[in-house]
Amino acid sequence: MTNHPVPGPADPGDHAGSRASRDQDGPTARRGHGLRRDIDLLEALASDEAQNAGGLGVVRLAQLVGREKTQISRALQALAAEGIVERDPDTLEYRLGWRLYSLVARTSENRLVRMAEPVMHALSADLEETSHLCVLSDRDVLTLLSVSGHSFRVHGWEGRGVPAWQTSAGRVLLADATPDELYVRFGTTLELPVPELWALIQEAARRGYARVSEEFEAGLVGVSAPVRDFRGRVIAAINISAPKVRFGDRLDQAGRTTAVAAARVSALLGWEPRRPPSARTRLT
């Protein structure tokens with residue numbers, strides 16, 4: 001009598017292989033593939049080439065990551081809508097956005113934050129007020145870090161944006177802008193006319209710090225001083241804001257003290273002032 005093999009259960013590997021094959025084309029896999037492509041773009045924008053040039057255009061990015069220009073353009077538009085990258089309104093080139101830096105800052109890994117935090121703790125202890133590390137994000141000032149004079153961080157302002165033209169930090173962060181750049185950034189809808197904003201920016205540059213009194217919020221005053229990178233460009237501002245009844249009579253003293261702290265952070269980032277700044281473009 002001939003023994004015939006008894007049919008057994010199908011090889012689990014066959015099912016797994018079929019399932020894996022199907023999953024490769026599924027929505028989860030497609031999302032993962034899209035994420036990897038976005039990471040490739042961010043890596044390109046974090047490269048030495050992009051950092052030295054101040055940004056990269058769509059054509060160059062397409063060359064670096066090996067994708068079609070139309071694909072790169074769509075991906076960058078989506079990332080820009082979320083604040084992960086930013087597009088320069090003049091050159092139309094892309095660079096990493098401050099929202100990305102803000103996320104990194106919360107892990108204390110960002111070099112700017114790591115250099116600034118101990119200096120800000122000392123400043124806050126000296127002035128007995130909370131200090132904020134701010135950057136420019138389009139038309140707004142974004143707070144990356146807030147610390148008190150004690151050994152803890154204050155998270156209420158981190159990640160929040162406020163109109164640049166209303167704040168002392170904004171007037172410091174716009175120090176490198178020309179009048180034309182201010183018009184491009186703010187247009188003619190600004191409640192504070194651009195010529196007046198330009199004058200306030202120049203006044204802050206001459207003084208070494210900016211000050212505001214109840215311009216952003218009733219009863220609130222503040223001072224800010226610039227943090228510069230190794231090239232001398234203003235990349236951040238250290239701000240002290242407090243109620244006017246407690247802080248209003250010592251704004252100038254606080255401004256000078258904040259300017260010293262900001263210069264210390266700038267030095268840690270490699271800035272060495274060598275000569276007076278060149279003459280600025282006049283507003284006509």
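Student: What share of the contacts with a separation of 6 or more comes from residues 24 or more positions apart?
Tutor: The share is 55% in this chain, where contact means heavy atoms within 4.5 Å. Note that this is a predicted model, in which local features need pLDDT of at least 70 and side-chain atom pairs count only at pLDDT 80 or more, while totals for chains, interfaces and linings use all residues. Residues are numbered from 1 along each chain as its sequence is written, and side-chain values use heavy atoms, with hydrogens and water left out.

Student: How many helices and strands are there?
Tutor: The chain has 12 helices and eight strands. These are DSSP runs numbered from the N terminus, helices being H or I with at least four residues and strands E with at least two.

Student: And how much of the chain is buried?
Tutor: Of its 284 residues, 39% count as buried. Buried means under 20% relative accessible area, exposed means over 50%, and partly exposed lies in between, using a 1.4 Å probe and protein chains only.

Student: Which residues have the most contacts inside the largest nonpolar core?
Tutor: They are L112, L133, V227, I238 and V265, in a core of 31 residues. Such a core is a set of buried Ala, Val, Leu, Ile, Met, Phe, Trp, Tyr and Cys residues joined through side-chain atoms within 4.5 Å.

Student: Which elements give two or more residues to this core?
Tutor: Those are α7, β3, β4 (140–147), β7, β8 (234–243) and α12. Helix α7 gives the most, with eight residues.

Student: What does V265 touch, leaving aside neighbours within four places in sequence?
Tutor: V265 is in contact with M115, A116, V119, V227 and I238. There is also a second, separate core of 23 residues, which includes L174, F186, I201 and A204.

Student: Switching to α4: which residues are buried there?
Tutor: L61, A62 and V65 are buried in α4. Seen down the helix axis, the buried residues of α4 fall within an arc of 105°, so they line one face. The arc is that of the directions from the helix axis to the C-beta atoms. Just after α4, G66 takes a positive phi of about 70°.

Student: How many salt bridges are there?
Tutor: The count is eight, with a salt bridge defined as a side-chain nitrogen of Lys or Arg within 4 Å of a carboxyl oxygen of Asp or Glu. One of them joins E49 and R60, at 2.8 Å from N to O. E49 is in helix α3 (residues 48–53) and R60 in helix α4 (residues 58–65), 11 residues apart.

Student: E129 and R250 next. Where do they sit?
Tutor: Their side chains meet in a salt bridge at 3.5 Å, N to O. E129 is in the loop between α7 (111–127) and β3 (131–137), and R250 is in the loop between α11 (244–247) and α12 (251–268), 121 residues apart. E129 is buried at 7% relative accessible area, whereas R250 is partly exposed at 23%.

Student: And the one between R231 and D229: what is the N to O distance?
Tutor: It is 2.6 Å. D229 is buried, with a relative accessible area of 6%, and R231 is partly exposed at 43%. Elsewhere, salt bridges that share partners join E86, D88 and R95 into one network.

Student: Which face of β6 is covered?
Tutor: In β6 (residues 210–213), A210 and V212 form the covered face, while R211 and S213 form the uncovered one. In a regular strand the side chains alternate between the two faces of the sheet.

Student: How does β6 pair with β7?
Tutor: β6 and β7 (residues 220–228) pair in the antiparallel sense over four bridges; two strands pair if DSSP finds at least two bridges between them. The bridge partner of R211 is V223 in β7. The hairpin has six residues between the strands, and E214 takes a positive phi near 60° there.

Student: Where is L92, and what is its phi?
Tutor: L92 is in the loop between β1 (85–87) and β2 (94–96), with a positive phi near 65°.

Student: And D138, buried or exposed?
Tutor: D138 counts as exposed, at 54% relative accessibility. D138 lies in the loop between β3 and β4 and has a positive phi of about 60° although it is not a glycine.
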